[in-house]
Amino acid sequence: MGIYLNPGNKSFWKSTRSEIYVDKSGVISFLNRCLNTREQFICVSRPRRFGKSMTLEMLAAYYSRGCDSAELFRGFKIESDENFSEHLNRYDVIFLNMQQFLSEAQPGKVTDYLEQEVLEEIREEYGEFLKQQDIGLAATLRKIYVRTGREFIFLIDEWDCVMREKQEAEDLQRHYLDYLRNLLKDREYVALAYMTGILPVKKYGSHSALNMFWEYSMTDQKELEEYTGFTEWEVKNLCARYGMDFAETSSWYDGYVFRKFHHVYNPRSVVGAMRYRKFSSYWTSTETYEALKIYMDMDYDGLRQDIVQMLGGGRVTVNTYSFQNDMQNFKTKDDVLTLLIHLGYLAYDSETSEAFIPNKEIAGEFENAMSTGGWQEIMCILKASERLLQDTLQCDEKRVAEGLDAAHMEAASILQYNDENSLSCAVGLAYYSARREYRLIRELPAGRGFADIVFLPLPQSGKPALVMELKYDKTASAAIAQIKERKYMKALDGYTGEILLVGINYDKSDKTHSCRIEKLDLRTK
């Protein structure tokens with residue numbers, strides 16, 4: 001076993017011995033079907049701390065020649081696959097951590113250093129078949145294949161670090177991409193190439209050197225949705241094991257949406273919450289909020305309004321196709337929003353082409369980024385939101401209306417009231433602090449229609465549920481009447497506590513809000 005050639009199974013063994021390990025070995029079944037096909041080039045891009053490196057370590061343990069991993073996979077999903085033994089420890093694996101090469105190499109010499117390090121191990125293993133010692137890695141692997149018939153599986157971690165950390169070094173980037181293309185494309189010795197990073201590989205400018213790769217990104221994970229993060233079923237099992245409330249776990253860490261799996265959780269954060277039995281920001285604490293603020297403060301028309309709308313619980317339409325897949329060449333606000341999707345700060349619904357803030361943990365990171373300047377109006381609204389919630393719970397209709405008027409005045413320069421949808425986002429922003437004790441759900445199916453906003457209390461909060469209907473140029477009383485007529489309270493079937501019916505109207509002519517609040521106690525029914 002070597003560092004780069006057939007690294008063995010020690011790293012994966014450590015993962016399986018960890019206090020929390022969630023079996024994701026089913027992905028191997030998919031990769032076995034891709035071996036030596038037109039689908040053999042796979043690039044999986046996900047945010048940091050979403051298990052990318054751990055997956056590569058598992059693949060190295062499964063495919064690497066020279067070690068026996070049968071017992072290590074005992075009881076895992078892949079063991080029941082009919083092709084489990086056929087591919088187990090049958091390939092030469094070349095494992096490349098590009099971050100290591102970038103960090104250790106002399107400036108501009110990343111690929112030279114990679115060649116030096118990997119060739120040393122290759123020659124130790126296959127020196128008897130290599131008469132020339134001065135040829136490069138691609139030529140060396142080609143000769144080995146011709147003389148032995150052995151194929152190689154390439155596992156490449158942090159493939160995009162050159163693009164992320166050397167953003168202005170375009171010559172280095174082009175050289176690096178050309179190197180990978182020469183090493184991998186149309187090479188008979190390649191049985192599979194699986195690489196991971198944060199960014200997709202489509203193109204950098206007009207340079208599309210790696211167009212043979214099939215992309216699985218945060219805008220479309222295709223068959224790999226289940227392996228992107230923790231699924232709802234997996235999180236429910238962990239909550240039962242650690243005695244943690246599932247509803248509150250969802251509020252903190254759920255929110256990533258794909259076509260089949262509609263509830264995908266941040267794995268780093270769930271593990272942290274389970275281990276320490278405390279809900280907190282575990283994923284965002286691994287990077288400073290300044291990284292997010294840089295992109296939030298970019299001066300593109302409509303970007304600030306979109307961010308505020310999402311902070312209020314809304315969604316915004318995003319065109320993800322114009323993004324050049326780098327962290328420097330931005331032409332529109334959609335490019336910035338698409339990058340935030342790939343970084344994990346936004347979730348993306350490919351069915352509707354909409355982006356949104358996925359959960360409480362990420363919302364807190366946006367709030368932190370806003371707190372350091374440039375977003376004073378919004379911070380004023382967020383700070384006042386605690387008072388607004390208390391006024392609502394006390395059924396003080398006059399103060400609620402005044403609080404909404406004040407929030408509207410603060411946000412007027414950024415967020416415009418055009419219809420009930422924009423009103424809903426503004427109200428969601430005004431009630432921002434409610435997320436500490438509530439789960440805010442917009443357009444919740446209920447009775448004969450959809451309740452505009454439902455505030456579902458988290459366990460042990462002791463607060464009543466809120467069913468809110470919003471009107472634009474009508475009356476607050478009409479909003480209350482609609483809640484009752486269409487039986488929106490059915491959204492809370494199974495809930496047995498107190499409910500506040502909240503009707504809010506915005507009068508466009510005088511730019512003021514009105515409010516009606518009624519109590520409904522299901523405990524007396």
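Predicted model: local features only at pLDDT ≥ 70, side-chain atom pairs only at ≥ 80, totals over all residues.

Student: OK, so which helix does Glu 124 lie in?
Tutor: Glu 124 sits in helix 6, which covers residues 110-126.

Student: And is Glu 124 buried or exposed?
Tutor: Glu 124 has a relative accessible area of 64%, so it counts as exposed, the cut-off being over 50%.

Student: Which residues form the negative surface patch?
Tutor: Glu 120, Glu 124, Glu 125 and Glu 128 make up that negative patch.

Student: What about a positive one, which residues form that?
Tutor: A positive surface patch is built from Arg 448, Lys 474, Arg 486, Lys 487 and Lys 490.

Student: Where does Arg 486 lie?
Tutor: Arg 486 is in the loop that runs between helix 20 (476-485) and strand 14 (498-507). Its relative accessible area is 35%, so Arg 486 is partly exposed.

Student: Switching topic: where is the place of Ile 3?
Tutor: Ile 3 is in the segment before helix 1 (10-16). Ile 3 is exposed, at 57% relative accessible area.

Student: What is Ile 3 in contact with, leaving aside neighbours within four places in sequence?
Tutor: With those neighbours set aside, Ile 3 contacts Phe 95 and Glu 121.

Student: And what separates the C-alpha atoms of Ile 3 and Asn 319?
Tutor: Those C-alpha atoms are 42 Å apart, with Ile 3 and Asn 319 being 316 residues apart along the chain.

Definitions and conventions: Residues numbered from 1 in each chain as written. Heavy atoms only, no water. Patch = residues over 30% accessible without salt bridge, like charges linked within 9 Å, V, L, I, M, F, W, Y side chains within 5 Å. Areas by Shrake-Rupley, 256 points an atom, 1.4 Å probe, with all protein chains shown as cover. Salt bridge = Lys/Arg side-chain N within 4 Å of Asp/Glu carboxyl O. Lys, Arg positive; Asp, Glu negative; His and termini not counted. Charge placed at Lys NZ, Arg CZ, Asp CG, Glu CD. Helix = DSSP H or I, 4+ residues; strand = E, 2+ residues; numbered from the N terminus. Buried < 20%, exposed > 50% of the residue type's maximum accessible area, 1.4 Å probe, protein only. Contact = heavy atoms within 4.5 Å.
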